[in-house]
Amino acid sequence: MKHFDNKVAAITGAGSGMGRSLAVQLAGAGCHLALADKNAPGLAETERIVRALAPRVHVSMRVLDVSERDAVFAWADETVREHGRVNLVFNNAGVALSSTIDGMSYSDLEWIVNINFWGVVHGTKAFLPYLKASGDGHIVNTSSVFGLFAQPGMSGYNATKFAVRGFTESLRQELDMMKCGVSATCVHPGGIRTNIAQSSRVAPNMVGFMVASEQQGKDEFEKFFITSADDAARTILNGVRRNARRVLIGRDARMADWLARVLPAAYQALVVLNARREAAKARKRARRELASGPASASGNAAAREPARNNNAGNSNQGETA
Ligand SMILES: NC(=O)c1ccc[n+]([C@@H]2O[C@H](COP(=O)([O-])OP(=O)(O)OC[C@H]3O[C@@H](n4cnc5c(N)ncnc54)[C@H](O)[C@@H]3O)[C@@H](O)[C@H]2O)c1
């Protein structure tokens, strides 16, 4: 798809982070929007920003949970009723979970699989017939750098993001064979400055294994966020314009991709070494903070704020393949 002017895009997880940045940039390019999120206030804020920026763009909104198949299919029908057609779907909504496999509850695992994997499946299947009918359609499914390599404590997230990658690569090949006017792109972001770490679940079994507390687990995760959501969205949209099969976002994603290709099995030993070192550093930091009292802990919270949803600045460029 060469341009987005007068196209219609459906975006899940549009109430925050990359979903919001995609909505803003698409609206700026003249694209009409069907926005969905389970977080109503976040969605309303995205709508406010988009309407102020692009008053001529038609925007519809739906509060829904992407893990609910009927709700996603009803939203696809509603989108076409309201906008007359749909050209793009961004299956972007997602959550994160840190847990050992040993201690992981089935409810946590089902939670993340239902959202990160089944949400992508529902969005793809619900919109595909309408994308075909539009004659010019594109499906953008968000995997992760953790769909390229695995990490201890991230098995649930890894499983869903590897699954999204396999699903989307197969989808793209089928669409290429069908020549039906629809294409697909799999997106692998590295660390992006969004709300995902702070809204993640850190299971109690991680405390003492890789982190010193649940909050520290979220903060440690956030330390690896090096690219802004705006830069990530720009890279994704450039990938769609180029009809890329795969979009890597950030130098961390490019490095992970390289490592997993050069050392497809041995990379794991390097990850373990690094995870041990990071866990030891995290324990040391927690001991220091405990010794210096509660003031230091609240100082950390204040320092955390600007990192979230910081859409400014970073010009970390992604790469498409
Ligand atoms: N931020 C990163 O470092 C990073 C890295 C790799 C991949 N990703 C992926 O990027 C995607 C976007 O995440 P983000 O970083 O912008 O995070 P975010 O938390 O800022 O945004 C995610 C949005 O998804 C929504 N959401 C969560 N569960 C939902 C559900 N069941 N139904 C509908 N909406 C739901 C949330 O309310 C939120 O608005 C996710 O799939 C995530 O896994 C993020």
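Predicted model: local features only at pLDDT ≥ 70, side-chain atom pairs only at ≥ 80, totals over all residues.
Me: What is the mean pLDDT of the chain?
Reply: The mean pLDDT is 91, and 91% of the residues in the chain reach 70 or more.

Me: And where does pLDDT stay under 50?
Reply: It stays under 50 over residues 295–321. For that stretch the model has 52 contacts beyond four places in sequence.

Me: Turning to the ligand, which residues come nearest?
Reply: There are 30 residues around the ligand, and of these G13, S16, G17, G94 and T194 come nearest.

Me: Which helix gives the most to that shell around the ligand?
Reply: Helix α1, residues 17–28, gives the most, contributing three residues.

Me: How do the residues of the shell divide into nonpolar, polar and charged?
Reply: The shell around the ligand has 17 polar residues, ten nonpolar ones and three charged ones.

Me: Is the crossing left-handed or right-handed?
Reply: The crossing in which α3 passes α4 is right-handed.

Me: Which residues make the contact?
Reply: From α3, the contact is made by R69, V72, F73, A76 and V80. From α4, H122, G123, A126, F127 and Y130 take part.

Me: What does the contact of α3 with α4 have by class?
Reply: This contact has seven nonpolar residues, two polar residues and one charged residue.

Methods
Residues numbered from 1 in each chain as written. Near = placed C-beta within 6 Å. Helix = DSSP H or I, 4+ residues; strand = E, 2+ residues; numbered from the N terminus. Nonpolar A, V, L, I, M, F, W, Y, C, P; charged D, E, K, R; others polar. pLDDT = per-residue confidence, 0-100. Contact = placed C-beta atoms within 7 Å. Left-handed = near helix turned anticlockwise from the far one by under 90°.
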